[in-house]
Amino acid sequence: MKSTAFLSRSEWIGVAIVAALILVVLPLSVDGFRLNLVGKYLTYAFVALGLVMCWGYGGILSLGQGIFFGLGGYCMAMFLKLEASSVENTKIQSTPGIPDFMDWNQITALPWFWEPFRSLPMTIILVIAVPVFFAFIIGFAMFTRRVGGTYFAIITQAIAAILTILIVGQQGYTGGINGITDLRTLNGWDIRTDDAKYILYFVNAGLLLGCVLIAYFVKHSKLGRILVAMREKEDRVRFSGYSVAGFKIFVFCLAAGFSAIGGAMFALQVGFMSPSFVGIVPSIEMVIYTAVGGRLSILGAIYGTLLVNWAKTSFSESFPELWLLGLGGLFIAVVLAFPNGLAGLYQSYVEPRLGKLTGKKSDETNGALPQGSPAE
Amino acid sequence: MFSDYSLAELGSIFVMQGFAGLILFSVFVLMALGLAIIFGQMGVINMAHGEFMILGAYVTYFTSQFFLNYLPSLFGGYFFVAMGLAFLASGALGMFIEWAMIRHLYKRPLDTLLATWGLSLILQQLYRSFFGPREVGVELPEWMMGSIALTDSVEVQINGLFVMGLTTVITIVVALLMYRSRWGKQVRAVVQNRIMAGAVGINTEKVDRYTFALGCGIAGVAGSAFTMIGSTGPTSGQLYIVDTFLVVVFGGAASLLGTIASAFTISQAQSTMEFFLSGSMAKVLTLLGVVGILMLRPQGLFTLKVRR
Amino acid sequence: MSDDNKFGPESQLRRKLLMGMAAIPAAALMPKVAFAQAPATSAINTTGLAVTDTEVTVGILHSVTGTMAISETGSVQAEKLAIEQINAAGGVLGRKIKFIQEDGASDWPTFAEKAKKLLVQDKVAAIMGCWTSASRKAVLPVIEQYNGMLYYPTFYEGLEQSKNVIYTGQEATQQILAGLDWVNKTKGGKSFYLIGSDYIWPRTSMKIARKHIEAHLGGSVAGEEYFPLGHTQFNSVINKIKLKKPDVIYCAVVGGSNVAFYKQLKAAGIDLSKQTLLTISVTEDEIDGIGGENITGAYACMKYFQSLDNPNNKEFVTEFKKMWGEKTVIGDVTQAAYLGPWLWKMTVEKAGSFDVDKIAEASTDIEFTKAPEGYVKIHKNHHLWSKARVGQVQPDGQFKVVYETADLIEPNPFPAGYQ
């Protein structure tokens, strides 16, 4: 238990394979358009990764991760929008220099909370800080009063719904249901060109791998073990003198931070941000990515996200009117038949054989939970 | 804003506004009751609740078509038949779903949430494939439309009265079932301690199945009733789901009384604010109020004290 | 086959050819025979679009799943009908139109993704699609970046103009002003209660309506309210309407809210044959869900009604029902969607090329005399000249046209004085 290396050998191999896949194989094998799509999917993988930490390890199912993805994305989009709304670009408006949707809503001056987004460093700070702060408030209110389980799940869902209505309703300040569209440049660098898309893809992939390493670090630290202990028998951890609420808040904020990075990268790669990411539907879809990958598997989150999105895209291209059936079926199948997702399949079928081949038992299985008793 | 109106006008408006609040209250209770039973008694979150409601609405639509074509003389009474059929259809589907899906997941309540979400996607698509992507218009018998004039200026909607009556009846029936019948005792025993309940001879599987079916059936009746005030289409169920969850969460999950109290609070707040402010703002303020209170009291208004 | 030639203004030569062709039973032979002299692909497609010697590919991009499927289904049907008719009449520059349909899933980012797919991967020559303003706003940057051509069918809020978009619906002033003038003149409407769903189109429309009411009609606005999309409870606002007794309820509520609003209005005892209600968001499609008996007597201001009495429209309605069933109804947007493929075909033939730049250029002054709504013409700002009409809802769910502007109204997406 006292191993100081923060990744075991098999985990190093796993990370290397993922890195090779997203940094080398995919960029070489798919065209620019598909690669941009993969880049978009990988931004969801940030959320899935966060969910592995807080749901798989912490036992906290949040159905509101879209909130943090959305907040991060909005922070980034606000910066990009301000840059796209320079006085020359918007001279047709009655008030030049403010975003177009504000002008349509008769707002004549930039609202105060948009001001910080004039500066890029400030924006980068806020991309993380705003969602994490929000997560902290939610987590603090809920966990110190020992709210958890299904109840926490629905409350986060309700908050997601409320935030959507707020954003849609305050369209003069937020762009309403249209979202913030037509984002063009980042500090003068055109993010819409094919070259820019490639660069952003690699930045995104790099950040994702960075987050994976952070996740492994947390998992192998004492904190990770306390999280697992908490998930299994919360009261015993509490009686041992640990502040359960504190750890839960931490892991919830960590997940929020990951999601926020994903959201910001989404805004950069796709070129707009929409309130539809904040709502219930995407939040639940992101949970399914995690479930498909295996809720206890850090790398599974990435595979799960890619697989589900690939399925969704190809399904809806070939059978546009039927893809919901497939997606719904996937939800049910994963929950009923494969509760540990891809990672579970890997552990029960592939790994033992690999072990035989190499004549060596793998030193640690992801999450170390037996089949059939996933986290509540 | 009131200076231009006479006292009598104001009085009648306040009566009607109070009535509007009561209708909203009934609608919320009707929406949330099925969910509250399933969630409160079984700990299962049924994300497909809205789709069960819409099943009831479609059943109502087809019943109305049947009566129009084959029994036009009895059209005035078709709605009661439709509500009965809606209860049976949604209840039967609920029973099937419990058997096929939910019963495997009792030890993993969070997973029921994902599975029922998948179910809701499938149901939406099935409705779309079988009943068409457009909304259908459910025709009501003449006597259910319009309003009764109590005084010259006070009018109450007949369908509002109908929803209120229906809600009262269903609430009383559910309360009697839960707290006065043998079956209700069994349900509560299973909620409190499943293993002990099984040990004293209660067939917990059967109790679960019927509880789930009852909750779904009530959703079906609610959907049937809402054809009077809302739309019927493949995705109409989504219109209700947020409000429904808020009512249940705000009320405190395990308590029917809490659900009713929270429906009352939210509906009155919303209807009053809608009158004094504009619609969108009223909704936002209501929701913010709900979240604010949930932050201070996350377990909801009423909670059942259970030793864990 | 015999009435193929009734669709679209064909050249005299082609019409004669086609009439001769009507006797030939093997329709498959038709294009080969009739268009043996179709221009070479290299000459009419210099930008690498999906055009072969026999086929040209276009995209259809609407929601067939999600909440918007209710509204967008009609548009998909109309576009498919138009494409089929164009193909039966010989296609475009001798090429059959093949379409690739993508599902926007009522989700704006998906719209953007699919638009990009259609342009980058499928290289479609044009996209017929989008419905909500939000989906158009999401797709617009993609269309402009990859230089595509979008035919957008919905009436919308204006404040937009793009080289790459042809707006076949009305911009806000085309739809709003004439209707308000009419209700002011014939119904003596002075005080108005404005109700809308809470997003950009109703808000912009109401802004224009308010300016017009206050500045040009000498009227007043008794109340102005917006409800979240999908809102289903309108009793409080109905009470407010009863209290304020406006001459006209002016309404832009959309989607499922629409059904709830009119059902509750009727239940509250507001008789629309006595209380004037003018809506800009209810077409035959919506009435299907609301139920004609619940909204009888209301007025809607549109450019097209299914009941329009002209030969083009009779033909169109017959063909539409033949393809999609007797019970389907046709609303304003459905008709506008039907215009898209036809306008594109005529523009391509005028430009003699599928190149987007040439089409954008050639679009100005394209006329379509066979439009179900009558005659339409593309303005140089890429919107359509069209008439405004007011119809009153009948119990069977159809409209009785009670007013029609004498002339075509010039589209003006950036109306001065209404900003």
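# Exercises on a predicted three-chain model

Strand 12 (residues 374-378) of chain C pairs with strand 13 of chain C in the antiparallel sense over two bridges. This is a predicted model, in which local features need pLDDT of at least 70 and side-chain atom pairs count only at pLDDT 80 or more, while totals for chains, interfaces and linings use all residues. Residues are numbered from 1 along each chain as its sequence is written, and chains are lettered from A, and ligands numbered from 1, in the order in which they are written.

## Exercise 1: a sheet and a hairpin in chain C

Solution. Begin with the terms: strands (E, at least two residues) and helices (H or I, at least four residues) are DSSP runs, numbered from the N terminus, and two strands pair if DSSP finds at least two bridges between them. Strands of a sheet pair through backbone hydrogen bonds, either parallel or antiparallel. Finally, pick out a bridge to strand 13 of chain C, where Leu384(C) is the partner of Ile378(C).

Task: describe how strand 14 and strand 15 of chain C are joined.

Solution. Strand 14 (residues 389-393) and strand 15 (residues 399-404) of chain C run antiparallel and are joined by five bridges. In one of these strands, strand 15 of chain C, Lys400(C) is the bridge partner of Gln392(C). The two strands form a hairpin with five residues between them, and in its turn Gly397(C) has a positive phi of about 90 degrees.

## Exercise 2: two domains in chain C

Task: locate the domains of chain C and describe the contact between them.

Solution. Domain bounds come from an automatic or database domain assignment, which for chain C gives domain 1 (4-170 + 308-385) and domain 2 (172-302 + 389-404). The C-alpha centres of these two domains of chain C lie 31 Å apart. Two residues are in contact if their C-beta atoms, placed from the backbone, lie within 7 Å, and by this rule 17 residues of domain 1 of chain C touch 16 residues of domain 2 of chain C. On the side of domain 1 that touches domain 2, helix 4 (69-88) and helix 14 (332-351) of chain C are the elements that give two or more residues. Helix 14 of chain C supplies the largest share of that side, with three residues.

## Exercise 3: the overall form of chains A and C

Task: why can chain A and chain C each be called as compact as a globular protein of that length?

Solution. Chain A has 15 helices and two strands. Its radius of gyration, taken over C-alpha atoms, is 21 Å, close to the 21 Å that the globule rule (2.2 Å times the number of residues to the power 0.38) gives for 376 residues, so chain A is as compact as a globular protein of that length. Chain C has 15 helices and 15 strands. The radius of gyration of chain C is 22 Å, close to the 22 Å that the rule gives for 419 residues, so chain C is likewise as compact as a globular protein of that length. Buried residues (20 or more other C-beta atoms within 10 Å of their own, with C-beta atoms placed from the backbone) make up 52% of the residues in chain A and 62% of those in chain C.

## Exercise 4: contacts of chain B

Task: which helix gives the largest share of the side of chain A that touches chain B, and which helix does so for the side of chain B that touches chain C?

Solution. First, 37 residues of chain A are in contact with 33 residues of chain B. Helix 6 of chain A provides the largest share of the chain A side, 14 residues. By class, this side has 29 nonpolar, six polar and two charged residues, where Ala, Val, Leu, Ile, Met, Phe, Trp, Tyr, Cys and Pro count as nonpolar, Asp, Glu, Lys and Arg as charged, and the others, Gly among them, as polar. Then, the contact between chain B and chain C takes 38 residues from chain B and 36 residues from chain C. Helix 1 of chain B gives the largest share of the chain B side, six residues. That side divides into 14 nonpolar, 17 polar and seven charged residues.

Terms used
A residue is buried if 20 or more other C-beta atoms lie within 10 Å of its own, exposed if 12 or fewer, and partly exposed in between; C-beta atoms are placed from the backbone.
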